Amino acid sequence: MSLWRLEWLRLVRTRRLLALVAVYVFFGLLGPLTARFLPDIIERFGGEMTVIVPDPVPADGIAQFSANAQQIGLLVAVVVAAGALTIHAIPEMAIFLRTRVSAVGRLLLPRYTVAWAAAGGAFVLGTAAAWYETAVLLGPVPAGPMLAGTGFGLIYLAFAVAVVAAAAARSPSLLTTAAIGLVALLALPLLSLITPLAAWLPSYLVGSLDSLVAGQAPAVDYLPAAGVSLAATTGLLALAARMTIRREI
């Protein structure tokens, strides 16, 4: 059995793929629904307090989905990636694999690629669900911004999983890997306080989907962050492979 097939079967049989798809699709359906009926919900449960809410527009449905996808969805994606990439969490399995695979890259690449493909596929399905339901409940959404924002989201997920891969290279457990990965991803936006760096950070891609749909920025504004994300992804994977080679079994 190839390592690629092994990773796919692990993802399916442990129901990690199902968890990813369920989370993203759930928020893809919930986001537009929340945006559409938010004024009614506030009116019903607001009591005597008067809250003025503007009429929802299509961009609101996508924004609701994007916020949840980049928070809870990302959390689930990081945990799933940590489960795949923390090779040394089970010492006996690490010994078995590392003594039978000639190069660490052959061991790391299938785990990284399958984890990213699963998270990215779930994100695309959730985006498609949000796109469809937004069109039904709030009005049409232009295809160009949706496709561009989805592409930038996939690039950010590739970077996020690479961060987890680097964390896993020295981590003793899944929990530690997930914690380090999440802390790193949450801390990165703090660098945006340095204004010249903000548009170059991978975290700048997080809000690309809703910003593009709302017409707040053109797609070209996100190209520097996308380029840095791709370069950082490559560097992090190389670092992960190097640290794994140097790690004692």
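1. The model is predicted, so local features need pLDDT of at least 70 and side-chain atom pairs count only at pLDDT 80 or more, whereas totals for chains, interfaces and linings use all residues. Residues are numbered from 1 along each chain as its sequence is written, and side-chain values use heavy atoms, with hydrogens and water left out.

2. The protein has ten helices and zero strands, helices being DSSP runs of H or I with at least four residues and strands runs of E with at least two, numbered from the N terminus. Of its 249 residues, 43% count as buried, that is, under 20% relative accessible area with a 1.4 Å probe, protein chains only.

3. Helix α6 (residues 143-168) and helix α7 (residues 174-187) have axes that come within 8 Å and cross at roughly 130°, the axes being lines fitted to C-alpha atoms over the stretch in contact, with angles from 0 to 180 degrees between N-to-C directions. The residues that make this contact (heavy atoms within 4.5 Å) include Tyr156 and Phe159 of α6 and Ile180 and Leu185 of α7.

4. Thr134 is found in helix α5 (residues 104-137), and at 0% relative accessibility Thr134 counts as buried. A polar atom of the Thr134 side chain lies 2.6 Å from the backbone oxygen of Ala130. Leaving aside neighbours within four places in sequence, Thr134 is in contact with Pro32, Pro58, Gly61, Ile62, Gly139 and Val141.

Conventions:
Buried means under 20% relative accessible area, exposed over 50%, partly exposed in between (1.4 Å probe, protein chains only). A polar contact is a pair of N or O atoms within 3.5 Å; within protein, one must be able to donate a hydrogen and the other to accept it, and residues adjacent in sequence count only if both atoms are side-chain atoms.
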